[in-house]
Amino acid sequence: MIIQGFRLLLKTINLKATQIMALPVLICDDSSFARKQMKRALPDNWDIDLTFAGNGLEGIEAIRQGKGEVVFLDLTMPEMDGYGVLEIIRKEDLPAMVIVVSGDIQPDAQERVKKLGAMAFIKKPIDKEKATQILTEFGILSAAE
Amino acid sequence: MTTLINEDQRDCYQEITNIAMGQAADRLARLLNVYVILPIPKVNMISASELHMALADTTINDNVSAVCQGFIASGIAGEALLIFNDASFSDLAKLMNYKGPLDRHGELELLMDVSSVLIGACIQGIGDQFEISFNQGHPVVLGQHCHVDDLVKSGNHQWSQTLAIEIHYEIENMNINCDLLLLFTEDSVAKINQQIDYLLD
């Protein structure tokens, strides 16, 4: 009885800790300029733990380490492209909500990434308005933030 | 004086081109109902003699047809060069629903249609990001059924250094490919670099 109560208490503390911890957000793009643009487009005062990746392989590594609950993903990248990243996320069932941010805006590209499990598609160049709109739309950003 | 670009600037040029070529590919994809494969564009400062090598380096080894078109805005001038693999014409004619005979005339018509989409959208896409509007000159046919080397020989180069942006377009599941080369004059590079530095800041 006492042990059970203790376990419950531990769980609650754990849950509280997760709530307090900043949201892990990953920006995955091979261009340092694009990563900078993306960072600038994120909402102000958004409590996040931001990580950068310069290609798909680095991106997957970061997601596996839990650094990308929300991922802003480019498509055209060396080593492993955005499509490859989406495939691995799906195959390994990794906990990542992916927003594709790409210059490849062909109808086919948008359709393909949605099929591969991407949550949303944003056309480059990105701006604060678009980023905030998508994040709000999917409930990642609450109205208060 | 040699104008050079540093790594950060090159990265920025690449990303800006990436967005512009994506917009051009989107136009072509919607027009032909296909998927255009987009590689990472190459950005380099090259000399007139190196242009020859850059062209020879293009993946197109067969006979080509080419169009060039100048563009200009305040203090920035350049030339877009679209080099089209001649083997692409039969597939392109099918996609464009071209009914006429595929002779030099027919090919020219297709070449002009594709180049106006790709060059126009790409130049506009780059201009938009710098918030400048380019005026485009008339397209000029550099040659039909010739070798890439001949394109350079026919040109009269009055510059020493140029910023060359090279984009290879390929259509998925089709035998269609071309190279788009954007060449900016040396004077323009200094001017664009200012814009780039502003974006990088």
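Buried residues make up 36% of the 145 residues in chain A. Here a residue is buried if 20 or more other C-beta atoms lie within 10 Å of its own, exposed if 12 or fewer, and partly exposed in between, with C-beta atoms placed from the backbone. This is a predicted model: local features need pLDDT of at least 70, side-chain atom pairs count only at pLDDT 80 or more, and totals for chains, interfaces and linings use all residues. Residues are numbered from 1 along each chain as its sequence is written, while chains are lettered from A and ligands numbered from 1 in the order in which they are written.

Start with chain A. It has 6 helices and 5 strands. Both are DSSP runs, numbered from the N terminus: helices are H or I with at least four residues, strands are E with at least two. Along the sequence the pattern is α-β-α-β-α-β-α-β-α-β-α. Now take contacts, meaning two residues whose C-beta atoms, placed from the backbone, lie within 7 Å. Of the contacts in chain A with a separation of 6 or more, 65% join residues 24 or more positions apart.

Next, look at one helix of chain A, α3 (residues 56-64). Its buried residues are G56(A), G59(A), I60(A), A62(A) and I63(A). Seen down the axis of α3(A), they fall within an arc of 160 degrees, so they line one face of the helix. The arc is that of the directions from the helix axis to the C-beta atoms. These buried residues pack against β1 (23-28), β2 (48-53), β3 (70-73) and α4 (82-91) of chain A. Just after α3(A), G66(A) takes a positive phi of about 80 degrees.

Chain A also meets chain B. Here 14 residues of chain A are in contact with 18 residues of chain B. On the chain A side, α2 (32-41) and α5 (107-115) each supply at least two residues. The largest share, 3 residues, comes from α2(A).

Finally, turn to α6 (residues 186-200) of chain B. This helix has 15 residues. Its buried residues are V189(B), I192(B) and I196(B). They cover an arc of only 75 degrees around the axis, which puts them on the same side of α6(B).

Note on methods: Expected span 1.5 Å × (residues − 1).
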